[in-house]
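Please keep the sequence and the structure in view while reading.

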Amino acid sequence: MKNYFSIQDIDSLDKWIDEAIEIKKAPLSDKALGVNKTLGLLFFNPSLRTRLSTQKAALNLGMNVIVMNFSNEGWSLEYEDGTVMNQGNSEHIKEAAQVVSQYCDILAIRAFAKLEDRDEDYSEKVVKGFMKYATIPVINMESATGHPLQALADAITITEYKMNDKPNVVLSWAPHPKALPQAVANSFVEMMQQIDANFVITHPVGFELASQITKQVPIEYNQNKAFKNADFIYVKNWSSYTDYGKVSSLEDSWKITEEKMKVTNNAKFMHCLPVRRNVVVDDVVLDSANSIIVEQANNRTFAAQLVLKKILKSEQ
Ligand code: CP
């Protein structure tokens, strides 16, 4: 495998989940695989889980890790070809990607959507730009439109906790005071289309995700109806795709409450984190025995380790 940009780069999700669960049982068993290899992590946006779990995964494989917070420590990058660079940007991605490729064996990048121009965000100019000009494999640590490491961890988590072969899984929109990207939701939807499950998305009218991602996945605009008999409630805010970047004013009525969880089939509660308590979801739900958010975050290490392992093996 050359790059891990999206869920579509997984050849068999079922096999990958099994492999990740095996890694979780013995995380140091491939300690020799990454010796003398360097993973470079470039962050254009903040992170807790992605940064630490990807570093942990690399250390488990014996790799060295170098990290740069690009947004405040790197030169401002130019992405357009043929630009006269007499404005704010100091370095072209062509040189930056090639130079970083000399220092690292694998590069991982986080670059969120700016939520100003949909076409620009969906062109994925940062991560795809690095993929174009880097001479080493590139991993997406959340780009403008996708978060495939999160979705792989989510798939592992659902597999670990499911009580039947075909669980009922709901992706529910929830309120948030800021405009958030669609990346986590997009990759979760793409991942769920490869899993044997009854999957439904629930959100307010106007918050449809891109139809090229949701395809035939059913949408239920009544959140309570969607929650009935659910085995997993996966909660995430995203801003509007059609009215791009818009924040909803429907706030409270979509918050996840204990009352709403009562109509489910004793559902497990999932969220990628970070989560705003008592805005997105009530404390009582987050702190309940059915909340699996911490184990979900734990699985980020094994998702990242599997991706790194596959890239290292393919480079041997
Ligand atoms: N879920 C997730 O990606 O967390 P961080 O933003 O903290 O990395």
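## The ligand and its shell

The model is predicted, and the ligand in it sits in the largest pocket. The shell around the ligand is made up of Ser 47, Leu 48, Arg 49, Thr 50, Arg 110, His 147, Gln 150, Cys 272, Leu 273 and Arg 300. By class, this shell divides into three nonpolar, four polar and three charged residues.

An N or O atom in the side chain of Thr 50 lies 2.7 Å from an oxygen atom of the ligand, and an N or O atom in the side chain of Arg 110 lies 2.8 Å from a ligand oxygen atom. At Cys 272 the backbone is involved instead of the side chain, with an N or O atom 3.0 Å from a nitrogen atom of the ligand. The ligand taken alone exposes 260 Å², of which the protein buries 93%.

## The largest pocket

The largest pocket, in which the ligand sits, holds about 610 Å³ of space. Its lining consists of 28 residues, and those nearest its centre are Phe 112, Leu 180, Lys 236, Leu 273 and Pro 274. The lining divides into 14 nonpolar, seven polar and seven charged residues. Leu 273 belongs both to the shell around the ligand and to the residues nearest the centre of this pocket.

## The second largest pocket

About 390 Å³ of space lies in the second largest pocket. This pocket is lined by 20 residues, with Phe 44, Tyr 79, Ala 111, Lys 114 and Val 126 nearest its centre. In its lining there are 10 nonpolar, five polar and five charged residues. At least two lining residues come from each of the helices α3 (70–73), α5 (118–122) and α6 (125–133).

## Backbone geometry

Most residues other than glycine have a negative phi, and most peptide bonds are trans. Against that background, the peptide bond from Leu 273 to Pro 274 is cis, with omega near 0 degrees. Pro 274 lies in the loop between β10 (268–270) and α12 (283–286), and both Leu 273 and Pro 274 are among the residues nearest the centre of the largest pocket.

Glu 124, although not a glycine, has a positive phi of about 55 degrees. Glu 124 is located in the loop between α5 and α6, two helices that each supply at least two residues to the lining of the second largest pocket.

Key:
Residues are numbered from 1 along each chain as its sequence is written. This is a predicted model: local features need pLDDT of at least 70, side-chain atom pairs count only at pLDDT 80 or more; totals for chains, interfaces and linings use all residues. Side-chain values use heavy atoms; hydrogens and water are left out. A residue is near a molecule or strand if one of its heavy atoms lies within 4 Å of it. A polar contact is a pair of N or O atoms within 3.5 Å; within protein, one must be able to donate a hydrogen and the other to accept it, and residues adjacent in sequence count only if both atoms are side-chain atoms. Accessible areas come from the Shrake-Rupley method with a 1.4 Å probe; for residues, only the protein chains shown count as cover. On a 1 Å grid over the protein atoms alone, a cavity is a set of points where a 1.4 Å probe fits but cannot get out, and a pocket is an open set with protein on both sides within 12 Å along at least five of seven lines; lining residues have an atom within 4 Å of a point. A molecule sits in a cavity or pocket if more than half of its atoms lie within 2 Å of its grid points. Ala, Val, Leu, Ile, Met, Phe, Trp, Tyr, Cys and Pro count as nonpolar, Asp, Glu, Lys and Arg as charged, and the others, Gly among them, as polar. Grid points are joined across faces, edges and corners, and a volume is the space filled by probe spheres set on the points. Helices (H or I, at least four residues) and strands (E, at least two) are DSSP runs, numbered from the N terminus.
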